[in-house]
Amino acid sequence: MALNSKKRKQNDHEELPPSFDEAVNMEMLSDEEGGVDIESDNGDLDDFPELDPDSDENDDEEYESEDEEEEESDSEQLHIFPKVKTVVSDITGQEKRVYPEIEPDYDSDSSTEDTPNRVGDIPMHWYDDLPHVGYDMDGKRILKPARGDELDRFLETVEDPTSWTSAFDKTAQADKPLTAEELDLIRRLYANEVPDAEYDPYEPTTEWFTGKGKKEVMPLSAAPEPKRRWVPSKWEHKKVMKIVRAIRQGRILPNKTKVTSTPQFYSIWGESSSSHAPPLPAPKPPLPTNSESYNPPEEYLPTEEEKKQWEETDPEDRERDYLPEKYSALRLVPGYGRFIKDRFNRQLDLYMAPRVQRVKLNIDPNSLIPKLPSPNSLKPFPTYKSLQVPHASMARCISVSPDGAWVVSGDETGVIALWEVNVGKAVKKWKFNGKIGTVEWCPRADVSYFVVGTEDMLHFIIPPNLPPTVLQLSQSILAPSTLPPVPETPSPVKWSTPSSTVWTDDTAILTIQLPSSSGLPVQIAWHRRGDYLASVSTGGSQGAVWIHQISRRHSQAPFKKVRGKVQLVLFHPIKPCFFVAASFFLTQQYVRMYNLSEQKLLKTLQPGIKWISSMDVHPSGDHLIVGGYDRKLCWFDLELSDKPYKVLRYHTRAIRSLQFHPTYPLFASSSDDGAIQIFHSRIYNDLMTDPLIVPLKILRGHEVTKGLGVLQVKWCSRHPWLVSGGADGAVNVWCS
C-alpha cells in the first residue's frame, strides 16, 4: 500500500509541468482558501517534511488489516439473502444450489404484505364449485374459510355494531373492515358529491394568462411543423385506391343522379318530347306582298290624298301599318324604323298563342239527364180536371172519406159542404160561426163521421143518408149511453154531447171545447185505428197540441213544455210513434220523432227549411216528406240518416200542402204558384235500392188570388184521383 501511494504521488508530480503557474499566471487556491484573501507566497515553496523509513512496514501491516476488515464488512453487507447450500443431486449426480424456503410469516408488519391469493384478475365465480378459492405464492391451494348462514350473519350484526363497516372480499372470501377514508368515499358517492374530500369546487380561478405581465407573447409550442402536414399520406393513398378498385369492379355503386320526370324549362315551340304532348305549331308570320317590295308596281304606290288620309287615321283603324315606297336600287333602302316594334309584336303573338290544343268534348246534354222511365209507363195518375165545386171564399181545407166517395170542404166564411166525388153535387152544407181551420174524416171504415175545427172548438158531425148499422155504430161511439169513468187527472178540455132528442143532421153530435186562448185549430191528425186524434192550434205553445181519445172521452197534452212553436203533428202509420214539426226562433226548423209507448225521443230530423208548411208519412212508415215556404220539398229516409235523402225544387213559390197516396205509388204537392206537381214514388223492399222518384205531371187549374194558390190537396183512397182546394174558392177533382 505504501508503494502504491508513493507511485501515485510521483505520477502526480510528473503530470504538472514546471512552468504551469507561469503559463496560467493565476493563483491556485484550495477549497478552504476559496473565499478568503491571503497573502501570496511569491513563488516560494514550503519544505517537504522528512519521512521515517522505519515506519513503512508498520504502516503496510495496518493498511492490510484495515483492508481485510473492509472486505469482510462489504461481504456481509452484500449477502442480504439467505446463504445458498451446495448439495449433490440424486438424479444427475451433480452439485446444485438449494435456496432455503421463503417464510412470509416472519416477524414483520402485516400491513405491508400483499394478498395471499395469487390467482390474479380472473372471475372468482370459477371457484364457486371448488373447495378452494385460489393459490398462494408457492402454488398451494387456499381453502375457502368457513362462513355461516344468514342467521349467523344477522347475529353478527346484532352483536357487533361495526359489522356494517366491512365489505366482502371475493379474492380472500372474507369480510374486511373498511377504513374511515373508504367509508367517507362511499358516503360521498351515495350523496353525488366529489369523491375527493380535499377538492374545493368553489376554489377561485387561477388566472394564468390574464393580468399584468401574464400575457403570452410566444407560441405555446415551438416545435417544428410535422412532416405529415405537407407529405401525402401513404395510408390515405391506399384507402383511396381500395375504393377506386371497388368502384371499377362494381362492388360500390355511385349515387344515381336524380332525373326529373318533367324538365323545369323547355322550349315551347321546340321538338316534341316523350314527356310532353306535342305543342301546336308556332303561328307563322304573314308572307310579304308586292306592296312591301322596295320597288313596288305603280298601282301599289299611294297618292298624296291617300297618304294624308292614312296619316290622319288612327293606328288601330289603318288597313296597313306601312306606306309602300319606291327605290331605284336596294342599296338606297334606308333602315327599317319599325323593326323593334314589329319584333315585339311578333314575340307577343308567340306568347299569346295557345300552347295546348284543347279537346272539346262532344257530349249530348240529354245524356247528362238521368234516365227515368217514361210517364206513360207509370200510369195511372191524374192528368185532367173532371169537375169543380165552387165556394164563396177561399177553400182552405178539404177531406176525403175513407171509401173515397165523399168529400167535405170548408171555406173562411164558416161553410162546410158535403158532396160526392163522381157527381160533384153538394148534398149537405153546415154553417159555423167563424172561419173553418181544418176538417178531417175518421179513418175507420165501419163508421162515418168527420171533425170540423173552428175557434177553440172541435165539432164531430155525422153525414146524412148513412146505412142504419153505420149510423147506429157512429152514434154509439160519439154519444154512448153510459159515459166512461172520469179520469183521475182532470183536463181543461171539455167534452159535451147534446141530448138525443135534439139530434139533427145540422147539429154536431159531439163537441170538444179547447182551453181558452188556444186559437183556431189548423190541423187534425187521426191515428190509424180511429180512436185517437191530435189537434194543433195557433195560440200558445203549451196548449197548441192536444191528443184526444174518443173511447175514454179524455184529452191530454203530450208535452209539458215545447221548445219553439209546434206547426204540424203526425201519427206513424204502423209503429207507436209521433212526429212533431216545430220551429225555434224562426231559424231552427226540426222534426222530432217520439216513441209514445216508451215516452222517449227517437231521432231529430233536420230538413234545413226556413218554415215548415206541410208533412206526410209514407204508408210503409219508412219515409217522410216535408214541405216548406221556401219552395223546398225534402224526402227523408228514416232508416238512413237525419238529413234529407233528396231535396226537390220544382215549385216557384211556397209549398202549401203535400200528401202520399194510400195505395198507389204517387204523391202530390201544391204551391202558391197555382200548380200541382204529381210524382211517382216507388219504394222497394230491397234496402239496397234507392226509392224511385219521377215527376209525372203539372196540373194547372187554379187561379192565384191575393198571392195564394192551391191551399190543400187530398187523394182518393180507391182511385188515382186528386182533390184540390184553392184560394180562388174552387175545389177541383183531377182524374186519370
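Which residue in S6 stands opposite Ala167? Keep that in mind for the first stop.

This is a predicted model, in which local features need pLDDT of at least 70, side-chain atom pairs count only at pLDDT 80 or more, and totals for chains, interfaces and linings use all residues. Residues are numbered from 1 along each chain as its sequence is written, and side-chain values use heavy atoms, with hydrogens and water left out.

**Stop 1**

Select residues 166-169, strand S5, and residues 174-177, strand S6. Helices (H or I, at least four residues) and strands (E, at least two) are DSSP runs, numbered from the N terminus. S5 and S6 pair in the antiparallel sense over 4 bridges. Two strands count as paired if DSSP finds at least two bridges between them. Now click Ala167: Lys176 in S6 stands opposite. Then move to the turn. The hairpin has 4 residues between its strands, and Gln173 takes a positive phi near 55°.

**Stop 2**

Select residues 150-159, helix H4. Show Leu151, Phe154, Leu155 and Val158 as surface. These residues make a nonpolar patch of about 400 Å². Patches are made of residues with over 30% relative accessible area and no salt bridge; like charges are joined within 9 Å, and nonpolar side chains (Val, Leu, Ile, Met, Phe, Trp, Tyr) within 5 Å. Accessible areas come from the Shrake-Rupley method with a 1.4 Å probe, and for residues only the protein chains shown count as cover.

Pick Leu155, which lies in H4. Leu155 counts as partly exposed because its relative accessibility is 38%. The classes are buried (under 20% relative accessible area), exposed (over 50%) and partly exposed (in between), with a 1.4 Å probe and protein chains only.

Next, select Asp149, Asp152, Glu156, Glu159, Asp160 and Asp175. Together they form a patch of negative charge on the surface. Lys and Arg count as positive and Asp and Glu as negative, while His and the chain ends are not counted. Each charge is placed at NZ of Lys, CZ of Arg, CG of Asp or CD of Glu. Which helix gives the most to the negative patch? H4 does, with 3 residues. Glu156 lies in H4, and is partly exposed at 46% relative accessibility.

**Stop 3: a positive patch**

Select Lys239, Lys242, Arg245, Arg248 and Arg251. These gather in a surface patch of positive charge. Lys242 is found in helix H6, residues 234-249. Is Lys242 buried or exposed? Lys242 counts as exposed, at 59% relative accessibility.

**Stop 4**

A salt bridge is a side-chain nitrogen of Lys or Arg within 4 Å of a carboxyl oxygen of Asp or Glu. By this rule the model has 14 salt bridges.

Select residues 180-190, helix H5. Asp184 and Arg188 both lie in H5, 4 residues apart, about one turn of the helix. Their side chains meet in a salt bridge, at 3.2 Å from N to O. Asp184 is partly exposed at 26%, whereas Arg188 is buried at 16%. Arg188 also forms a salt bridge with Glu193, with the closest N and O atoms 3.5 Å apart. Glu193 is partly exposed, with a relative accessible area of 37%.

Jump to Asp446 and Arg444. Their salt bridge has its closest N and O atoms 2.9 Å apart. Asp446 is partly exposed at 35%, and Arg444 is partly exposed at 24%.

**Stop 5: a loop residue**

Find Leu330, in the loop between helix H7 (304-312) and helix H8 (339-352). Leu330 is exposed, with a relative accessible area of 57%. Draw a distance from Leu330 to Ser293. Their C-alpha atoms are separated by 9.9 Å, and the two residues are 37 apart along the chain.

**Stop 6**

Select strand S9, residues 406-411. Of its 6 residues, 5 are buried, so S9 is largely enclosed by the rest of the structure.

S8 and S9 pair in the antiparallel sense over 5 bridges. Ala395 has Asp411 in S9 as its bridge partner. This hairpin has 5 residues between its strands, and Gly404 in the turn has a positive phi of about 75°.

Finish with S10, residues 415-420. S9 and S10 run antiparallel, joined by 5 bridges. Gly410 stands opposite Ile416 in S10. Here 3 residues lie between the strands, and Gly414 takes a positive phi near 90°.
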